[in-house]
Amino acid sequence: MKKRVAVLGSTGSIGSQTLEVISQHPDKFEVEVLTANNQIGKLVEQCRTFLPNTVVIANKAKYQQLQDALHDLPIKVYAGERSVAQVVEMSTVDIVLTAMVGFSGLLPTINAIKAGKAIALANKETLVVAGDIITQLAAQNKVPILPVDSEHSALFQCLTGEFQNPIEKIYLTASGGPFRGKDSVYLNNVTPEQALNHPNWEMGNKITIDSASMMNKGLEVIEAAWLFGLSPAQIDVIIHPQSIVHSIVQFTDGSMKAQMGLPDMRVPIQYALTYPERFTSDFPRFNFMDYPQLNFDKPDYKTFRNLGIAYDAMRTGGNMPCVMNAANEVVVDKFLQNKIGFLQMSDIIEKTMTKVDFIQKPSINDYFESDTEARAIAHALIGY
Ligand SMILES: NC(=O)C1=CN([C@@H]2O[C@H](COP(=O)(O)OP(=O)(O)OC[C@H]3O[C@@H](n4cnc5c(N)ncnc54)[C@H](OP(=O)(O)O)[C@@H]3O)[C@@H](O)[C@H]2O)C=CC1
Ligand SMILES: CC(=O)[C@@H](O)[C@H](O)COP(=O)(O)O
Ligand SMILES: [Mn+2]
């Protein structure tokens with residue numbers, strides 16, 4: 001039987017690559033739901049190619065345009081964030097791939113888990129914000145959370161067949177981004193264009209800025225802690241500029257397992273969709289002669305403060321990672337609009353974290369309120 005997939009955020013970098021993977025295996029997958037926010041043209045094109053049962057545009061102002069463009073097709077059209085969160089519950093959906101960006105991933109993921117759907121999780125912010133609730137709900141509903149993020153897919157692949165063996169520690173690899181090796185004087189004047197120029201990966205704007213500021217690795221440390229049940233002390237970050245070794249697990253006997261391959265997100269996307277199987281692909285293969293050297297180095301915590309900020313948020317726990325994430329979403333947006341400088345991002349995140357009321361054991365509602373409060377504080381700190 002074909003696996004019926006809901007792709008949330010289908011017009012983005014991960015969403016588009018997911019559809020590419022699905023198109024390689026038409027006998028194994030069926031696209032049941034597509035969702036996007038703004039890009040009507042691309043969404044319509046995807047609808048005509050994959051003929052989903054249902055499509056949702058989160059931005060309600062675009063509903064009529066989408067409806068008109070699809071009037072000749074038997075596709076149900078809905079709009080609004082609430083609809084995105086509802087379509088995942090459809091009985092005809094087997095697996096939900098969460099590829100929207102930011103906090104918007106939280107509610108649809110919660111609903112999908114409650115409805116018993118398998119989750120292929122790209123939206124790392126969901127686990128950063130509410131990892132306790134998500135992992136608890138997943139356990140209660142016996143729902144697998146299959147990581148799509150390349151490092152976490154790597155760790156998941158290293159851990160396959162090792163469920164009875166404790167992890168001593170993990171090493172999350174980080175490319176270091178476009179500003180690896182640069183100092184604060186240099187970073188003071190960098191532009192969004194420079195920050196968007198990632199050396200190894202082509203990704204959406206938000207995650208690309210996060211990679212440049214090392215917040216991406218900070219988010220990934222928290223994501224790994226929830227996915228694999230690790231303490232902060234068990235997670236190390238190591239700079240690896242080539243992005244070939246995607247991450248490493250060290251077991252209690254000292255043995256280390258790494259997963260490697262070219263930087264190509266289609267591989268972890270496909271693995272999340274086909275797990276525990278591996279389907280044959282024609283994605284480009286790694287050639288050792290193209291990489292005579294693989295390098296490793298320690299992160300520069302002093303210059304790239306976001307990584308330390310994320311460890312602090314994780315150690316504090318409660319609503320602190322949620323607050324950090326909200327402030328980060330605000331500052332990334334403002335940096336992309338040239339309204340604040342690159343280094344100001346960490347200052348504002350740190351200050352926001354000191355101003356929001358701390359909640360040790362937040363409910364889902366508390367997470368929504370903390371997110372709103374943190375955004376308001378970050379905006380006020382920026383001044384407009
Ligand atoms: N890109 C990558 O290689 C990787 C990404 N990830 C994670 O995957 C997620 C997606 O990243 P990426 O694909 O790069 O992002 P993109 O910006 O490329 O795509 C984001 C998608 O989400 C949609 N979207 C944006 N805002 C909303 C909203 N409020 N409600 C509903 N949908 C929304 C966009 O719609 P539209 O385009 O129509 O506006 C688009 O389809 C992120 O959490 C990221 O951290 C993780 C590992 C690697
Ligand atoms: C492809 C992927 O998983 C990204 O999260 C990637 O890891 C970003 O690269 P950095 O290591 O530069 O953050
Ligand atoms: Mn990653």
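How do the residues of the shell around ligand 1 divide into nonpolar, polar and charged? In this predicted model, in which local features need pLDDT of at least 70, side-chain atom pairs count only at pLDDT 80 or more, and totals for chains, interfaces and linings use all residues, they divide into 12 nonpolar, 12 polar and five charged. Here Ala, Val, Leu, Ile, Met, Phe, Trp, Tyr, Cys and Pro count as nonpolar, Asp, Glu, Lys and Arg as charged, and the others, Gly among them, as polar. Residues are numbered from 1 along each chain as its sequence is written, while chains are lettered from A and ligands numbered from 1 in the order in which they are written.

Ligand 1 is surrounded by 29 residues, the closest being Gly9, Gly12, Asn37, Met203 and Gly204, where a residue is near a molecule if its C-beta atom, placed from the backbone, lies within 6 Å of it. At least two residues of this shell come from each of α1 (13–24), α4, α6 and α10 (205–213), and α1 supplies the largest share, three residues; helices (H or I, at least four residues) and strands (E, at least two) are DSSP runs, numbered from the N terminus. The shell around ligand 2 includes Asp149, Trp201 and Lys217, and at least two of its residues are supplied by each of α7 (150–159) and α11 (215–228).

In helix α5 (residues 106–114), the buried residues (20 or more other C-beta atoms within 10 Å of their own, with C-beta atoms placed from the backbone) are Leu106, Pro108, Thr109, Ala112 and Ile113. Seen down the axis of α5, these residues fall within an arc of 170 degrees, taken over the directions from the helix axis to the C-beta atoms, so they line one face of the helix. They pack against elements including β1 (3–8), β5 (95–98) and α6 (124–140), contact requiring C-beta atoms, placed from the backbone, within 7 Å.

The axes of α5 and α6 lie 10 Å apart at an angle of about 10 degrees, with axes being lines fitted to C-alpha atoms over the stretch in contact and angles running from 0 to 180 degrees between N-to-C directions. The two helices α5 and α6 are therefore roughly parallel, a term for angles under 35 degrees, with those over 145 roughly antiparallel, 65 to 115 roughly perpendicular and the rest oblique. By contrast, α6 and helix α14 (residues 320–336) pack at about 140 degrees, their axes 7 Å apart, and are therefore oblique to each other.

Definitions and conventions: Buried ≥ 20, exposed ≤ 12 C-beta atoms within 10 Å, placed from the backbone. Contact = placed C-beta atoms within 7 Å.
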